[in-house]
Amino acid sequence: MDLEARDAALDETCAELLRETEAQLEARGRASIDRRQGLSSLCLVRWMVRRWSDREDSWGALVHLEPRFLPPEPAPLLADALAQARGGWLFCSAGWRERFELRSLAAEARKAGARLLLESGRLGPPLPAAAIRRLRHLDGFHLVASDPSLRNLRRAVLAYCRAQGILHLHGQPGTGRRSLARWAHALLDDRNLETLGAGESSMPAEGRWQLVEQLSELEPTQLAPLRGQIRRREQRYPRFTVHEQDNAPDRPRHPALEPLVGSSPALSQLLTRTERFARSPLPMLVLGETGTGKELIARAIHELSGRRGRYVVIDLNTRNETFVESALFGHVRGAFTGAAKARSGAAVEADGGTLFLDEIGNLSPRSQAKLLRLLEAREVQPLGSDSCQSVDVRIVAATNVDLEELVRTGDFRGDLYYRFNPSATLRVPALRERPGDIPELSRHFLQKMFPERSPDLSEDALRRLSSWPWRGNVRELRHIVEAAAVESEGQRIEVAHLGSLAQATCREAPLIVVSSESPEERQRNWGLTRSEIQALTAVTLELPPLGDRGPLAIRNAVLGLLAGRPIRSRALAVLERRSWWGNYTELVSDMAAIRGSINGPVDIPELEQRLPNLLDGLDRAPLRMVLFPSIHNGHLVGLEREFSERGILIGRTSQLSELRPRAGDRRLEQRWQAIESLAGSASLGLLNLSFLGRLSRAHLLLLRDAGGMVVHKLPGAPLRVLAGPLDANSELFEVKTGNAVEIGTAGEIQVVDEQREQPYLRLLAFTGAAAGALEPGSLERFAAEPAERTLGVPQRRKQVWGLRDFEVQALAETLVRALTEPGSLASQLRGAAREWLESAPQPGRLSRQLPPHPVVLAAVRPRRERGLAGSPARTPGGLGERSGSLAQAARRYPAFGRARGLSREALAPPRQARALRYTGTGRQARA
């Protein structure tokens with residue numbers, strides 16, 4: 001049963017229930033769910049939610065509340081559950097009436113934007129057993145089937161599985177590769193899913209879904225059938241395809257071509273070329289799959305050629321070199337053991353006629369050399385003889401292997417292959433390439449079997465025959481039709497008479513490979529050739545790790561595995577922020593531990609008491625950095641980045657190797673020794689702030705410890721560093737080289753510009769549970785009174801910059817032009833900056849509302865200027881004034897100078913300025 005039939009059957013069973021539930025949700029915002037015999041309400045609700053989620057563009061969570069897990073006062077937990085179900089569904093199991101009042105619950109759900117599903121407690125009409133079995137089977141893959149981050153990937157998996165090809169699912173262990181393959185099988189087909197893996201004793205059967213795993217651990221006896229599967233599937237997409245054309249020639253009517261039955265354009269084109277080349281003396285090469293009729297083509301060539309000699313056939317399937325040479329070229333008496341009498345050989349027997357060499361690809365190198373001599377000199381030398389004999393014989397060879405590939409690998413002589421003239425090669429199309437000939441061929445075989453009255457084929461039988469891939473080609477079709485005629489006892493042939501084609505397993509099925517190895521490891525460990533590995537991995541879909549799928553994917557998995565236990569939002573945030581290096585394997589195990597140890601609401605105190613590993617583990621919990629933090633609508637906002645390493649190096653470098661000292665540089669050597677002594681063997685991440693020009697290349701080192709985090713200032717860092725815990729009542733302490741400051745699990749770090757007496761860089765750091773459980777209320781004082789957060793630095797009102805309205809509009813137009821016109825974004829911004837400065841009434845004048853954005857400043861300032869984005873300008877004027885001086889800006893932009901009324905003399909550069917050049921961050925006079 002295919003996908004459409006299965007879905008139709010399920011929809012026919014459950015369509016009324018689905019429509020009724022949707023009508024209730026649309027009318028009242030809530031729906032009542034009845035229990036079904038043999039099926040839990042939760043399983044039915046999950047199926048409906050998956051159907052709804054596939055149709056909607058946005059994703060919403062399914063939150064399940066089991067009343068027996070609720071405390072006496074459930075209002076706070078209900079508020080959290082409704083917030084988690086915003087845009088999704090809240091499902092309350094039976095018993096909810098004792099804990100909630102319906103009208104109040106419905107009003108709260110409507111206010112929160114959650115659709116309410118309530119178990120009624122009644123037993124509804126029974127569902128068919130087949131529908132119950134399928135719904136329960138699909139529910140086993142709910143995690144991967146409902147993961148919002150895998151929506152597009154699921155669609156791709158279904159598309160490739162419908163194509164019945166080879167699909168490779170690659171990803172880390174535990175990412176759901178096998179579950180995704182089994183989900184697609186459960187959704188699309190009713191045949192068994194055969195698994196080929198280490199320890200499997202049985203081989204996958206033909207016509208079954210096949211899942212191949214642990215390829216590096218398979219035995220050679222298990223790899224052999226897999227290689228056969230690859231070869232058979234490659235035959236479905238032949239390298240040489242004859243396309244059916246409307247302008248193909250008519251089929252030739254010569255009697256020698258009558259054994260080749262069919263009138264399709266592909267066959268007609270082949271027979272036309274056969275008739276044309278048969279009259280020439282050229283040696284011929286016939287290529288094609290097994291069973292396509294290559295020997296019939298060879299005999300037709302002989303009959304069409306007009307040669308009067310014999311037609312001799314030599315089968316080269318044997319690997320015995322002596323036997324092949326004796327059969328081809330003959331031998332004298334005593335040439336080898338058993339040669340009791342002389343033999344003339346097939347080449348001499350076919351003198352004046354045609355010699356057909358079947359499966360020429362099996363010839364040994366020595367035999368290939370002798371065959372080349374026969375083609376070139378028209379003479380043969382029998383085994384054991386010193387003399388040669390001249391012959392006039394035409395060679396027709398056939399094979400079902402790729403001779404070009406054998407030439408590339410050195411298994412077949414290139415000069416022999418090209419002696420056959422590839423331009424005159426005949427390629428016999430496979431039967432699947434000319435499906436229009438299948439009815440005619442079937443009736444031809446029946447006519448030969450029953451000359452007087454052949455049985456007819458039903459339309460269903462012809463349709464089944466035409467849809468079969470026919471790996472054995474015409475020979476396989478003949479055997480199937482003859483067996484069907486015997487089965488029907490000479491009567492009308494139906495689908496039931498087609499033997500193996502009548503079974504449900506006769507359809508094509510996909511081959512799915514799951515692995516986690518890199519391409520280099522596949523070549524080294526899979527035990528397959530390069531071409532076989534390429535065939536298995538040609539279509540690869542990558543499953544990202546669970547930690548890279550975003551918090552929505554983790555939220556979906558956590559809520560689906562809690563089995564109705566409510567979870568506080570802060571605890572859910574902690575679980576969402578975990579890295580989950582073990583992916584689904586780790587998450588499923590941890591959720592099972594929660595279900596086994598917590599029989600009530602899940603909150604951080606309960607996790608700390610029973611499962612502290614979910615909150616601790618500094619090496620595994622993320623370290624979250626927030627640059628330029630601020631509070632917006634009660635939430636912490638800023639530039640965020642997460643690190644999984646044990647330490648973070650903050651500065652202006654993108655690679656740790658850039659910090660290694662050079663010979664004779666004592667300052668760099670001192671800094672590198674400090675990093676090695678502080679970090680030891682701990683892994684380090686790099687926070688590259690290259691746009692802050694006054695920072696050192698390695699300014700700070702943030703390390704985790706048992707109590708949270710510790711801040712170190714590295715030697716040579718020029719700017720002052722302050723750090724402290726993120727607490728409204730705590731203070732910031734100065735971090736000096738050699739004296740670290742502990743900031744706990746949540747802290748603030750400031751790099752202070754002592755000249756301007758204000759923070760040059762401000763960032764927040766969180767680790768462990770604090771990385772996900774931070775409450776915005778703890779930052780209110782930090783956001784409202786930033787001056788009180790800095791010790792020892794008197795704060796002035798900051799002098800900051802921002803773009804005016806016309807500058808914002810010009811920047812937006814430039815970005816649009818950069819996306820639609822050639823050229824880099826940087827060049828577009830620089831060109832636009834020049835236009836702004838020349839055309840604006842007050843060119844480049846900035847307001848004092850926002851801090852300078854390094855990207856904008858770097859784009860509009862010349863490249864050779866030093867310290868562009870690192871510090872505020874010395875004067876509060878426009879961008880022209882910020883380039884050093886008013887005269888310098890006017891010389892660079894004449895329109896600006898004319899607007900300011902400057903004379904030509906004022907625009908001339910001073911003579912002494914010619915000897916000035918920039919070195920480092922200062923300017924010195926050089927003679």
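Y417 counts as buried at 4% relative accessibility, where buried denotes under 20% relative accessible area, exposed over 50% and partly exposed the range in between (1.4 Å probe, protein chains only). Y418, with a relative accessible area of 54%, is exposed. The structure is a predicted model, in which local features require pLDDT of at least 70 and side-chain atom pairs count only at pLDDT 80 or more, while totals for chains, interfaces and linings use all residues. Residues are numbered from 1 along each chain as its sequence is written, and side-chain values use heavy atoms, with hydrogens and water left out.

F628 and F691 form a tilted pair, with 6.4 Å between centres and 40 degrees between the planes. Because F628 lies in strand 17 (residues 623–632) and F691 in the loop between strand 20 (684–688) and strand 21 (700–705), this pair ties together parts 63 residues apart in sequence; helices (H or I, at least four residues) and strands (E, at least two) are DSSP runs, numbered from the N terminus. F628 is partly exposed at 38% relative accessible area, and F691 is partly exposed at 28%.

The axes of helix 7 (residues 151–162) and helix 8 (residues 177–188) come within 10 Å and cross at roughly 60 degrees. Axes are lines fitted to C-alpha atoms, for helices over the stretch in contact, with angles running from 0 to 180 degrees between N-to-C directions. The two helices are therefore oblique to each other, given that angles under 35 degrees count as roughly parallel, over 145 as roughly antiparallel, 65 to 115 as roughly perpendicular and the rest as oblique. Helix 7 contributes L153, R154, V157, L158, C161 and R162 to the contact, and helix 8 contributes L180, W183, A184, L187 and L188; contact means heavy atoms within 4.5 Å.

L562 is located in the loop between helix 22 (551–561) and helix 23 (569–577) and is buried, with a relative accessible area of 1%. Residues up to four places away in sequence aside, L562 touches I567, M591, I594, R595 and V602. The C-alpha atoms of L562 and A592, 30 residues apart along the chain, are separated by 8.1 Å.

How values were computed. Phe/Tyr/Trp six-rings, centres within 6.5 Å; stacked < 30°, edge-to-face > 60°.
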